Amino acid sequence: IEITAHSVGVGSASSEQLVDVPFTTDLTAAATALTAVMGAPTVIPVPATSCTAASSIYDWGGFQIAFDPYMTEIGGTRFVATATAARTTRGLDIETQGQTVGTSLTDVLAHVPGSVSGDRGEGHIEALLDPQEDGLWGVVITFTAGTANGFHAPGVCTPALSPSSLPIRA
């Protein structure tokens, strides 16, 4: 599973692309496309609120997709992908630009051109990989004690990571 700033792709063991689902795809259609190559996820219902309709989180154990109403302004985003493990519970590797959960911040900054990082506060660091148009959104990877504990896309970096305030660039 490869998560980029624009889509989620799934490849075979021989690196053949099986599916590529842009974030502009409807959440249900995205789940259907991913299910066809990854198997059925656990579906977690999300009740409606005064601001959003009822929805679902599709969870493959370590990787999930969901609707995020705050991300719809980014290029027509209809779903967000989140990784919380280096592989799904079914053994599929999850990465972004060759980086996985468990990778060190030092390794990310050394091996991912254009990545930037900054302090989110409370001991957490956030890095932006695959920065897009304005340099404020892309794949956001978070670190605790210097080790990646998850990433999501599309994601918006915190104000502390605005290009003019970035302390570290790769």
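Mentor: Rings of Phe, Tyr and Trp (its six-membered ring) form a pair if their centres lie within 6.5 Å; planes under 30 degrees apart count as stacked, over 60 as edge-to-face and the rest as tilted. This is a predicted model, in which local features need pLDDT of at least 70 and side-chain atom pairs count only at pLDDT 80 or more, while totals for chains, interfaces and linings use all residues. Residues are numbered from 1 along each chain as its sequence is written, and side-chain values use heavy atoms, with hydrogens and water left out.

Trainee: How many aromatic pairs does the structure hold?

Mentor: A pair of aromatic rings is described by the distance of the centres and the angle of the planes. There are 2 aromatic pairs here. Phe-23 and Phe-79 make an edge-to-face pair, 5.0 Å centre to centre with 65° between the planes. This pair links distant parts of the chain, 56 residues apart: Phe-23 lies in the loop between E3 and H1, and Phe-79 in the loop between E6 and E7. Helices (H or I, at least four residues) and strands (E, at least two) are DSSP runs, numbered from the N terminus. Trp-60 and Phe-63 have ring centres 5.7 Å apart and planes at 35°, so their pair is tilted.

Trainee: Are Phe-23 and Phe-79 buried or exposed?

Mentor: Buried means under 20% relative accessible area, exposed over 50%, and partly exposed in between (1.4 Å probe, protein chains only). Both Phe-23 and Phe-79 are buried. Trp-60 is buried because its relative accessible area is 4%, and Phe-63 counts as buried at 1% relative accessibility.

Trainee: Which residues does Ile-74 touch, not counting residues up to four places away in sequence?

Mentor: Contact means heavy atoms within 4.5 Å. With residues up to four places away in sequence not counted, Ile-74 touches Trp-137, Pro-154 and Val-156. Ile-74 sits in the loop between strand E6 (63–66) and strand E7 (80–83), and its relative accessibility of 12% is why Ile-74 counts as buried. From Ile-74 to His-6 the C-alpha distance is 9.9 Å, although they are 68 residues apart in sequence.
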